[in-house]
Amino acid sequence: MANALQLASQGQYSCDPNPCVGSVVVNNGEIVGRGWHRRAGSAHAEIVALEDAGSRAEGGTVYVTLEPCCHFGKTPPCTSALIDAGVNRVVAAMEDPNPKVAGQGFATLERAGIETMSGVLELAAEALNRGFCHRMRSSKPFVFSKLAMSLDGRTAMASGESQWITGDASRRDVHRLRAQSSAILTGIDTVLADNPALTARVELDAGEIIQPLRVVLDSRLRLPVNANLIDQPGNVLLLTASNDENKKAVLEKSGVCVKRVNAGPNGKLDLSECMTILGQCGVNTVMVEAGLKLNGALLQQGLVDEWVVYMAPCVMGDAARGLALLPGLEEMNDRIPMSLFDIRMVGHDLRLKYRVGQNSNIEKQGAMDFFSSNGKRVDLDQSLTAE
């Protein structure tokens with residue numbers, strides 16, 4: 001199963017909106033077939049592995065990181081191929097949370113006399129497809145905010161200048177996170193101030209990258225048609241509350257997909273509805289790259305699942321801008337809880353990952369990881385005890 005998970009990870013840049021899935025076929029204790037899902041519309045991992053195994057799949061065991069599908073989508077059901085191949089046993093890391101499958105794949109195989117088993121390295125499989133699983137269960141994508149800050153928690157100077165707080169290694173790491181995301185979300189104020197491209201620029205030894213959807217929240221249709229993010233590979237989605245059909249037509253002529261969203265009492269977009277729309281569009285994971293207003297609003301409305309913070313070894317002063325605008329937080333009981341679950345040195349910067357909300361209890365989620373700059377894991381508890 002560990003082999004299958006490693007294979008599955010190769011699809012993390014290209015198979016969206018489908019989940020990353022890997023599979024191996026074993027016969028007489030020997031791996032005779034391997035496969036992974038490369039992109040939506042292409043053969044699923046089990047099919048590739050069965051083709052790789054050929055006749056040696058008969059009587060064997062198939063290990064797969066997600067329950068085999070049993071319905072017709074862009075490709076035929078994998079359960080039929082497994083039955084036709086004559087395998088004796090199918091071991092899955094986890095049940096597919098897709099309501100079209102959700103245990104029915106196992107049931108189909110068992111009716112055909114194939115033994116099934118689930119739950120092998122389940123947590124690792126869930127982590128690999130956290131966005132897909134989140135969308136299947138909630139109809140909304142998994143959302144994480146990427147933030148860069150100084151040691152004193154500042155993200156930009158008072159003038160708005162912010163390039164660059166962190167170093168080259170952190171910026172390369174951000175591009176990798178972009179490439180693994182279904183969409184990058186930002187606000188119109190960030191676009192007007194920084195004119196970002198919001199593309200994933202990652203060099204891979206093998207494979208391909210599907211550029212994430214670029215999503216702009218723009219309640220009044222202020223996005224200029226010459227914005228950098230429009231003239232880039234991939235698609236742009238603009239969510240707005242405006243009814244200005246002329247502005248909409250101009251943007252659509254430039255290749256921007258414009259969707260209308262309801263506005264709240266303050267005239268701002270209904271952020272929960274925005275996430276619902278993204279879920280309906282098949283977006284699994286959203287990476288937020290925005291300013292303190294949007295980051296604060298998402299946090300206060302409970303619409304962000306994780307914070308990824310790059311902390312640079314510098315101090316910017318109390319006049320500089322903070323991480324998030326959070327009006328109404330006046331007492332200790334108003335605090336928004338988070339739990340740190342991963343620490344890693346990235347160049348000279350520190351990357352911190354936090355789970356957000358009441359369900360972020362680290363004792364329930366597992367031990368915190370600390371990684372040194374060379375990528376080796378450090379036992380944090382042991383290090384603290386030694387000190």
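Accessible areas here come from the Shrake-Rupley method with a 1.4 Å probe, and for residues only the protein chains shown count as cover. By this method the protein chain has an accessible surface of about 19,200 Å², with 48% of it belonging to carbon and sulfur atoms. The model is predicted: local features need pLDDT of at least 70 and side-chain atom pairs count only at pLDDT 80 or more, while totals for chains, interfaces and linings use all residues. Residues are numbered from 1 along each chain as its sequence is written, and side-chain values use heavy atoms, with hydrogens and water left out.

The protein chain holds 13 helices and 16 strands, taken as DSSP runs (helices H or I, at least four residues; strands E, at least two) and numbered from the N terminus. Of its 387 residues, 46% are buried, that is, under 20% relative accessible area, where exposed means over 50% and partly exposed lies in between.

Helix α2 (residues 45-53) packs with helix α3 (residues 78-85) at about 20°, their axes 9 Å apart; axes are lines fitted to C-alpha atoms over the stretch in contact, and angles run from 0 to 180 degrees between N-to-C directions. The two are therefore roughly parallel, a term for angles under 35 degrees. From α2, E46, I47 and L50 meet C78, A81, L82 and A85 of α3, contact meaning heavy atoms within 4.5 Å.

Turning to a loop, W164 sits between β6 (142-149) and α7 (168-179). W164 is exposed, at 57% relative accessible area. Its C-alpha atom lies 9.9 Å from that of A312, 148 residues apart along the chain.

Definitions and conventions: Buried < 20%, exposed > 50% of the residue type's maximum accessible area, 1.4 Å probe, protein only. Parallel < 35°, antiparallel > 145°, perpendicular 65-115°, else oblique.
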